[in-house]
Amino acid sequence: MAEITPSPGGRLTEKEKTTVLEPTGSGRASSVEGDVRANRDADYDFERQKMAEGDAAFHQLGWKRLTVVLIVTAVALGSLSLPAAFSALGMILGVIISVGMGLLAMYCSYVVGQVKVKYPEVAHYTDAGRMMFGKWGYIIMTVMFVLQLTFTTASHVLTGAIMFGNLTDNGACTVVFAVVSGILLFLLAIPPTFSEMAILGYIDFVSIIGAIGITIIATGVQSANAEGGLAAVTWSAYPREGLTLHEGFIAVTNIVFAYSYALCQFSFMDEMHTPSDYPQAIFTLGIFEIFLYTLTGALVYAFVGHDVQAPALLSAGPLMSKVAFGVALPVIYISGSINTVVCARYIHGKWFKDSVIRYVNTPMGWITWIGVDAAITLLAFIVAEAIPFFSPLLAICAAIFLSGFTFYFPAIMWFMFIKEGKWTPWNLLLGALNVVAFIVGMVILGLGTYSAVKDIAVRYETGAVGTSFGCAPLA
């Protein structure tokens with residue numbers, strides 16, 4: 001009887017079964033066996049070709065495009081919440097925290113890059129969790145990673161609903177606007193590679209710069225034309241009178257979390273063709289963010305004063321706020337969708353790690369990829385609409401998760417994986433800097449969580465909590 005090796009997957013095809021039943025001396029059996037082997041070889045060659053093409057497609061990211069996707073992740077409409085943070089903290093403290101946290105976040109991001117270069121097998125932050133804390137570290141980090149990305153996508157569902165409500169003067173139920181936002185986020189998350197997302201990132205960059213520029217100019221002109229001019233604006237160099245601890249720290253966390261881009265950095269760097277080029281991207285992004293955030297927070301606060309709203313473009317006047325929201329439309333959805341892509345890349349890659357499907361260049365690859373994208377977006381929509389206090393809940397998750405991803409995890413990684421040699425003066429200096437990063441992260445974890453929980457309690461006391469799947473305007 002002819003001996004047949006099963007096809008990949010362990011099952012015999014109908015042709016192989018026929019071959020097994022034919023006598024070995026039969027010419028027909030030899031012919032069928034040859035056909036089976038030829039088909040199997042052709043399938044193997046096709047799969048190998050697709051894997052090679054996929055591997056090449058998933059390693060096209062250079063440092064310039066890395067900078068762009070990091071900007072897409074980091075710079076969104078959240079940057080326009082900084083003037084309100086400056087209003088609470090005062091101009092002096094606002095500028096100090098904005099610059100200081102920006103520099104510290106930039107250094108911690110540099111450490112994340114050092115870990116990726118030294119340990120190329122770390123494809124996502126979850127893999128770093130396994131290296132630091134073993135199996136349970138990997139499991140806990142996976143939950144943190146997926147939840148934070150999904151919740152961030154959910155926040156963009158709500159931001160989009162606010163934008164549509166503002167543009168239409170709340171011309172439809174908020175849930176309708178949220179559904180439209182979810183569909184747009186899903187469609188923009190379909191490109192599976194970060195090099196493709198970087199192309200959208202250029203549009204995103206122009207969008208956010210345009211929205212911020214319009215807001216600054218509009219608020220400046222509005223204040224200059226008001227009675228008393230700019231001299232009459234009620235801004236202060238010092239914290240607002242009567243500021244409570246939880247209000248002050250919510251303002252601090254709004255600034256801190258604007259710099260929280262390290263969460264996705266391992267995932268982005270895994271697609272680089274030359275990962276060692278990452279410092280150029282990190283320093284370009286860090287300096288750009290510090291300049292943009294500090295300038296935006298200080299100028300808009302100086303133009304509007306204590307009455308500045310969050311996001312600040314709502315303070316630009318009815319017409320100009322609509323213009324700014326319209327210009328900001330791409331950044332709302334592109335910055336939101338990249339979180340879906342990072343989350344989907346992680347889940348899809350883990351499910352199909354031993355299959356050509358993971359490269360998303362076969363029919364089954366596209367079907368499964370779109371399915372994972374759709375599931376994440378649907379979950380984000382449900383979470384955003386079902387929880388009536390979603391914004392403070394997002395602040396709790398950010399305090400618990402981003403404090404680690406941005407500050408104290410990189411500090412721990414430096415001590416565990418990066419530090420080399422004895423405690424020389426240079427190592428002592430870096431060690432002290434990482435201790436500061438660790439302490440900052442733990443303070444954000446503790447006080448940030450307390451402040452967000454307190455905010456929820458205050459909302460319930462004042463009746464400011466909304467309803468699940470409600471039609472009322474969000475802002």
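Reader: Which residues form a nonpolar patch on the surface?

Author: Patches are built from residues with over 30% relative accessible area and no salt bridge, where nonpolar side chains (Val, Leu, Ile, Met, Phe, Trp, Tyr) are joined within 5 Å and like charges within 9 Å. A salt bridge is a side-chain nitrogen of Lys or Arg within 4 Å of a carboxyl oxygen of Asp or Glu, and accessible areas come from the Shrake-Rupley method with a 1.4 Å probe, with only the protein chains shown counting as cover for residues. Here the nonpolar patch consists of Leu245, Phe415, Trp423, Leu428, Val435, Phe438, Ile439, Met442, Val443, Leu447 and Tyr450, which together have about 970 Å² of accessible area. This is a predicted model, in which local features need pLDDT of at least 70 and side-chain atom pairs count only at pLDDT 80 or more, while totals for chains, interfaces and linings use all residues. Residues are numbered from 1 along each chain as its sequence is written, and side-chain values use heavy atoms, with hydrogens and water left out.

Reader: Which helix gives the largest share of the nonpolar patch?

Author: Helices are DSSP runs (H or I, at least four residues; strands are E, at least two), numbered from the N terminus. Helix α15 (residues 425-462) supplies the largest share, eight residues, and Leu428 lies in this helix.

Reader: Is Val360 buried or exposed?

Author: Buried means under 20% relative accessible area, exposed over 50%, and partly exposed in between (1.4 Å probe, protein chains only). Val360, in the loop between α12 and α13 (363-386), is buried at 4%, and has a positive phi of about 50 degrees although it is not a glycine.
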